[in-house]
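Hello,

Here is the structure I said I would pass on. My notes on it follow below.

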Amino acid sequence: MTGAPELTGPAAQDLNSFPPGGLAVVAGSTGAIGAGIARQIEASGRFARVIGLSRSGSGGVPFDLTDEASIAAAALAVGEASKTAPLRLVFDATGMLHEGNIQPEKSWRQMDPAAIARVFAINTIGPALLMKHFLPLLAGEGKAVFATLSARVGSIGDNNLGGWYSYRAAKAALNQLVRSASIELARKRPESLCIALHPGTVESRLSEPFARSGLTVRPPREAARLLLQTIDNLSAAQTGSFHDAEGKEIVW
């Protein structure tokens, strides 16, 4: 992905907390949030190159979140690119709330083992493999960030409504993976961060069935700007944390 497309509406986050000239990677770059993130990073002018990862490989590198070999191959391609521009930002914009007959459960009676496995494959195992293969590629000096999209409903402390068993559990597990990975990362790259982010409800085909009256729904461009603003404002001391799009920390 090259060039900085013209943006309308809120200005792109400048991302000045990152050393200039680095490499950024967006996993899930063809989705609503991922595409918005990629455009905002390019428009910031802070990065030398933005590489998108998607199943189609459109404008970037192909990868399959459920296939470790394909994730490893994508990481190899990024590793080659990082020889000329250090990897400063990996943004994982993948995730699944519903798919075909798989819908968030309203009762324990609706829990299905195959559906639970699929939800965990996309929301937990896939991001874990991205951490496995991309965290070692982060720049050794200066700010570098691995950020993954979690969800407020994955917070155990904030769960007052119940339901959505598989999705809640998968995101809670992702949060624990982020926390553990951040501790290991800090030992090897003390200026780097591994964080979880809650984007809120974003206008997209996936969120449309769950948008209800009175709920704040952001366009992808605005959600992307706020998420990158949050990343820009975080320091290495806040690695392993969980924040919403407005930068507020969420209880685990």
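Two strands pair if DSSP finds at least two bridges between them. Helices (H or I, at least four residues) and strands (E, at least two) are DSSP runs, numbered from the N terminus. This is a predicted model, in which local features need pLDDT of at least 70 and side-chain atom pairs count only at pLDDT 80 or more, while totals for chains, interfaces and linings use all residues. Residues are numbered from 1 along each chain as its sequence is written, and side-chain values use heavy atoms, with hydrogens and water left out.

Seven strands make up an open sheet in the order 3-2-1-4-5-6-9, with parallel pairing. Its edge strands, strand 3 (61-62) and strand 9 (242-244), each pair on one side only.

Strand 1 pairs with strand 2 in the parallel sense over six bridges, and G22 has F47 of strand 2 as its bridge partner. Strand 1 also runs parallel to strand 4, joined by five bridges; here A24 stands opposite L89. Strand 4 in turn pairs with strand 5, again in the parallel sense, over four bridges. In that pairing F91 is opposite A147, and the partner of D92 is T148.

Burial is scored by relative accessible area (buried under 20%, exposed over 50%, partly exposed in between; 1.4 Å probe, protein chains only). Six of the six residues of strand 1 are buried. G22, A24 and V26 point one way from strand 1, and L23, V25 and A27 the other way. Strand 4 also has six of its six residues buried, so it is largely enclosed by the rest of the structure.

The cores

A nonpolar core is a set of buried Ala, Val, Leu, Ile, Met, Phe, Trp, Tyr and Cys residues joined through side-chain atoms within 4.5 Å. The largest one has 39 residues, and L53, F134 and F146 have the most contacts inside it. Among the elements that each supply at least two residues are strand 2 (47-54), helix 2 (68-81), helix 3 (113-134) and strand 5 (144-149). Helix 3 gives the most, with seven residues.

Contact means heavy atoms within 4.5 Å. Leaving aside neighbours within four places in sequence, F134 is in contact with V25, L53, I71, A74, A75, V78, L87, V90 and F146. A second, separate core has 28 residues, including V26, F91, L193 and V202.

Helix 2 and helix 3

Axes are lines fitted to C-alpha atoms, for helices over the stretch in contact, and angles run from 0 to 180 degrees between N-to-C directions. Helix 2 packs on helix 3 at an angle of about 35 degrees, with the axes 9 Å apart. On the helix 2 side the contact involves E68, I71, A72, A74, A75 and V78, and on the helix 3 side G126, L129, L130, K132, H133 and F134. Helix 2 also lies across strand 1, strand 2, strand 3 and strand 4, running at about 170 degrees to strand 2.

Two backbone angles

Most residues other than glycine have a negative phi, and most peptide bonds are trans. L15, in the segment before strand 1, has a positive phi near 60 degrees. L15 counts as buried because its relative accessibility is 0%. W164, in the loop between strand 5 and helix 4, has a positive phi of about 50 degrees. With a relative accessible area of 26%, W164 is partly exposed.

Regards
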